[in-house]
Amino acid sequence: SYEEPEYSIVKKTDVYEVRQYKKRTVAEVIYGEEDSGFRVLFDYISGANKGSKEVEMTIPVSQSTTDSKMLMRFFLPMQYSKQNAPEPNDERVRIIDLPAEYFAVISYSGFASDGNFEEHYTELKAALDKDGMVIKGPPIKATYNSPFTLPFLRRNEAMYPLEWN
């Protein structure tokens, strides 16, 4: 099984849970409609970096939209930080340390299609609004399985970053 970022559940409802994620390090790429961030990031962890070092695959892969561009992130294994992660050969790949943060998360199975994601982040937003939660960013799609996993066995999540006190 693949490593995933550490978190603790601080609230759970019938619809969603609020997670506090610890600090974590990601490789990220911003891309447009014309290309795919996945290939760029996969090449990076497959050795397209200074030292040709392979980096273990982790889960999830996350995607969000910002200023009409897509942002895709691979979470790096816990032993890495911005200081010791292999330096990318491709200047589009950025290595970033993310701070500890809170996210509201709704899980769902099936394909990670835009329609399935939109249905679930809309449901999540309605529940958060009803509960008076303060959302501080766009919805994030997190996918945990390979494309070869049967749809009913897949784990997907829609997430919103939250203000949390």
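The largest pocket of this predicted model holds about 460 Å³ of space. Of its 19 lining residues, Phe-38, Thr-143, Asn-145, Ser-146 and Pro-147 are the closest to the centre. A pocket here is an open set of points on a 1 Å grid over the protein atoms alone, where a 1.4 Å probe fits and protein lies on both sides within 12 Å along at least five of seven lines; lining residues have an atom within 4 Å of a point. Grid points are joined across faces, edges and corners, and the volume is the space filled by probe spheres set on them. Helix α1 (37-45) and strands β4 and β9 each supply at least two residues of this lining. Helices (H or I, at least four residues) and strands (E, at least two) are DSSP runs, numbered from the N terminus. By class, the lining comprises 10 nonpolar, 6 polar and 3 charged residues. Ala, Val, Leu, Ile, Met, Phe, Trp, Tyr, Cys and Pro count as nonpolar, Asp, Glu, Lys and Arg as charged, and the others, Gly among them, as polar.

Residues are numbered from 1 along each chain as its sequence is written. In this predicted model, local features need pLDDT of at least 70, side-chain atom pairs count only at pLDDT 80 or more, totals for chains, interfaces and linings use all residues, and side-chain values use heavy atoms, with hydrogens and water left out.

The second largest pocket has a volume of about 350 Å³. It is lined by 24 residues. Nearest its centre lie Arg-24, Ser-62, Arg-73, Phe-103 and Ile-140. Strands β4, β5 (69-75), β7 (101-108) and β10 each contribute at least two lining residues. The most come from β4, with 5 residues. The class count is 13 nonpolar, 6 polar and 5 charged.

Strand β4 spans residues 61-66 and includes Ser-64. Ser-64 counts as buried because its relative accessibility is 11%; buried means under 20% relative accessible area, exposed over 50%, and partly exposed in between (1.4 Å probe, protein chains only). Beyond residues up to four places away in sequence, Ser-64 touches Lys-69, Met-70, Leu-71, Pro-139 and Ile-140. Contact means heavy atoms within 4.5 Å.

Strands β4 and β9 run antiparallel and are joined by 3 bridges. Two strands pair if DSSP finds at least two bridges between them. Val-61 has Thr-143 of β9 as its bridge partner. Strand β9 (residues 140-143) is also joined to β10 (residues 156-163), by 4 bridges, again antiparallel. In this pairing, Lys-141 stands opposite Ala-158 of β10. In a regular strand the side chains alternate between the two faces of the sheet. Both faces of β9 are covered. Ile-140 and Ala-142 are buried on one side, and Lys-141 and Thr-143 on the other.

Most residues other than glycine have a negative phi, and most peptide bonds are trans. A cis peptide bond joins Ile-59 and Pro-60, with omega about 0 degrees. Pro-60 is found in the loop between α1 and β4. That loop also holds Ser-52, a residue other than glycine with a positive phi near 50 degrees. Ser-52 counts as exposed because its relative accessibility is 55%. Ser-68, in the loop between β4 and β5, has a positive phi of about 60 degrees although it is not a glycine. With a relative accessible area of 66%, Ser-68 is exposed.
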